[in-house]
Amino acid sequence: MSEVEPKFKKIVMGADSLSLGISIVVAVLFGVGIGLLLKNLTGYGWLLWVGVFWGVGAAILNVYKAYEKQKKELDELANDPRYRNKKYDDSDEDETY
């Protein structure tokens with residue numbers, strides 16, 4: 001009997017991919033907002049740029065976390081016996097093809 005694919009699996013996978021782009025934009029906007037708030041509270045213009053850099057740093061961190069998550073999932077898939085190819089297995093390096 002074949003496995004039934006969940007009804008909303010494609011939507012969830014699409015939302016997960018889309019969430020990275022949204023999180024980048026939101027992180028930068030939050031950084032700019034914090035920078036503007038600090039600038040208006042203190043009067044120092046350079047605090048706006050501190051907020052922008054915080055936002056960009058947070059966006060880069062989000063991309064890195066998404067990369068690590070995807071890499072972990074792909075490494076688990078590579079170790080799955082169903083997808084191993086005996087011809088290109090690393091265990092028999094002394095043979096030439």
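Visitor: In which helix does D16 lie?
Guide: This is a predicted model, where local features need pLDDT of at least 70, side-chain atom pairs count only at pLDDT 80 or more, and totals for chains, interfaces and linings use all residues. Residues are numbered from 1 along each chain as its sequence is written, and side-chain values use heavy atoms, with hydrogens and water left out. Helices are DSSP runs (H or I, at least four residues), as are strands (E, at least two), numbered from the N terminus. By that rule, D16 lies in helix α1.

Visitor: What is the relative accessibility of D16?
Guide: Buried means under 20% relative accessible area and exposed means over 50%, with partly exposed in between (1.4 Å probe, protein chains only). D16 counts as partly exposed because its relative accessibility is 43%.

Visitor: How far apart are the C-alpha atoms of D16 and A66?
Guide: Along the chain, D16 and A66 are 50 residues apart.

Visitor: With which residues is V63 in contact, leaving aside its neighbours within four places in sequence?
Guide: V63 lies in helix α2 and counts as partly exposed, at 38% relative accessibility. V63 and I24 are 39 residues apart in sequence, yet 7.7 Å apart in space, C-alpha to C-alpha. Contact means heavy atoms within 4.5 Å. With those neighbours left aside, the contacts of V63 are L20 and I24.

Visitor: How far apart are the end C-alpha atoms of helix α2?
Guide: Helix α2 covers residues 46-78, which is 33 residues. The expected span of a helix is 1.5 Å times one less than its number of residues. For α2 this gives 48 Å, and the model agrees because the end C-alpha atoms are apart by 48 Å.

Visitor: Which residues of α2 are buried?
Guide: Across the protein, buried residues make up 11% of the 97 residues. Those in α2 are L47, L48, G51, V52, G55 and A59.

Visitor: Which side chain meets that of D75 in a salt bridge?
Guide: A salt bridge is a side-chain nitrogen of Lys or Arg within 4 Å of a carboxyl oxygen of Asp or Glu, and the count comes to one. An α-helix has 3.6 residues a turn, so residues three or four places apart point the same way. At an N to O distance of 3.3 Å, the partner of D75 is K71.

Visitor: Which residues make the nonpolar surface patch of about 400 Å²?
Guide: Patches are made of residues with over 30% relative accessible area and no salt bridge; like charges are joined within 9 Å, nonpolar side chains (Val, Leu, Ile, Met, Phe, Trp, Tyr) within 5 Å. One member lies in helix α1 (residues 9-42) and is exposed, with a relative accessible area of 54%. That member is L18, and the whole patch is L18, I22, V26 and F30.

Visitor: What is the angle between the planes of Y44 and W46?
Guide: Rings of Phe, Tyr and Trp (its six-membered ring) pair if their centres lie within 6.5 Å; planes under 30 degrees apart count as stacked, over 60 as edge-to-face and the rest as tilted. A search of the whole structure finds one aromatic pair. Y44 and W46 form this pair, 6.1 Å centre to centre. The pair is tilted, and the angle is 35°.

Methods
Areas by Shrake-Rupley, 256 points an atom, 1.4 Å probe, with all protein chains shown as cover.
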